[in-house]
Amino acid sequence: MDYPWPEAGTPLEQIATPMPVIDEDRLAANIARAQAYCDQHGKAFRPHIKTHKIAAIARQQLDAGAVGLNCQKVTEAEIFAEAGFDDILITYNILGHAKLARLKALNSRVAKLAVVADSEVTIAGLASTFSADQPLTVLIECDTGARRCGVQTPEAAALLAEQVAAAPGLRFGGIMTYPAVGGAAEVEAFLARTMALLSGKGINCPVRSSGGSPDLFAAHLVPSATEHRAGTYVYNDRSMVRAGHCSADDLAMHVIATVVSRPAEDRSVLDCGSKALTSDLLGFTDYGAIDGFEGARIVSLSEEHAVVDLSKCTEPFPQIGRMVKVVPNHTCVVSNLFERMVFHRNGIVTRVEKVDARGTVW
């Protein structure tokens, strides 16, 4: 049975719920704002498609001036290569025969493909897969404070860079980091020290890639970085508002939900459970904000239900059958939960786009 995707011209209050909806004007403004900032400060901008996973939006980003795309997995990159994108950076350690074989095939049809590595094991796998007639570009991932992946010191980065440069099937492309929020000084120190070490070894470091939406508008504080990567900025979410990256007027994504039960005066239930809203808390104590209803808190999610505590709600909350707009804590996860996204302008549906890379997790 086909899901009841709405046609262009349909008012949002007539669509089936739960449904993520994207405000066209806010989307376009977010794209323009980020690109203008990077242009102003001489940074290449490489948007991360993990937030939207939609080729049509990636095209909007490139049309605005982005240099290429950032993907997280090989299968994501395959989808966007098939859609015609030819400059892709995969910011993930790629391991195992199956993934390496697909990466090799991808490298043969993408004009500019690059990956990252932070260990000898990852580099060895890449080196054994690629050959000098069609080399793969590799960036060394550096941990500049986020404590996720990445080598721990500039010295370790320089050592791995030498290994990449020495492998016939690999080409050293530079260094990459996903920093901690507010960590510009640490990023700059790490990048500058690594560049100095590489220069001393006669190794060119053309790309120094930093990233993150919370610090997107502080990218100028890392002068050694040549490019910035960001994903969440394109929609924004509750966590981005809290971080000071944007205001509520910059929120392009909402999840429209319907009140399906009012079992008690201080409790409401919505139809947007964990299969429609992310269970990510990201430091919040609830699962999303409800637009226009201060104090209403989504305190629990089951698969198909969101329970809302109304005990501190300052406005009369809608009754059964009425709709509300939820601001997700984290938009990126919501994108992977739905087959399509509904776009609108001033509450009227403009288009429905397939989430092209939904489910591409390896």
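Does glycine 169 count as buried or exposed, and at what relative accessibility? What follows takes up that residue first. Is glycine 169 buried or exposed? At 2% relative accessibility, glycine 169 counts as buried, where buried means under 20% relative accessible area, exposed over 50% and partly exposed in between, with a 1.4 Å probe and protein chains only. The model is predicted, so local features need pLDDT of at least 70, side-chain atom pairs count only at pLDDT 80 or more, and totals for chains, interfaces and linings use all residues. Residues are numbered from 1 along each chain as its sequence is written, and side-chain values use heavy atoms, without hydrogens and water.

Glycine 169 sits in the loop between H6 and strand S7 (170-177); helices (H or I, at least four residues) and strands (E, at least two) are DSSP runs numbered from the N terminus. Apart from neighbours within four places in sequence, glycine 169 is in contact (heavy atoms within 4.5 Å) with Phe130, Ser131, Ala132, Pro135 and Leu136.

Helix H6 (residues 154-166) also meets helix H7 (residues 184-200): their axes come within 9 Å and cross at roughly 45 degrees. Axes are lines fitted to C-alpha atoms, for helices over the stretch in contact, and angles run from 0 to 180 degrees between N-to-C directions. H6 is therefore oblique to H7, since angles under 35 degrees count as roughly parallel, over 145 as roughly antiparallel, 65 to 115 as roughly perpendicular and the rest as oblique. Pro154, Glu155, Ala157, Ala158 and Ala161 of H6 make the contact with Phe190, Arg193, Thr194, Leu197 and Leu198 of H7.

In helix H1 (residues 24-40), the buried residues include Leu27, Ile31 and Tyr37. The buried residues of H1 pack against several elements, among them strand S1 (19-23) and helix H2 (55-64).
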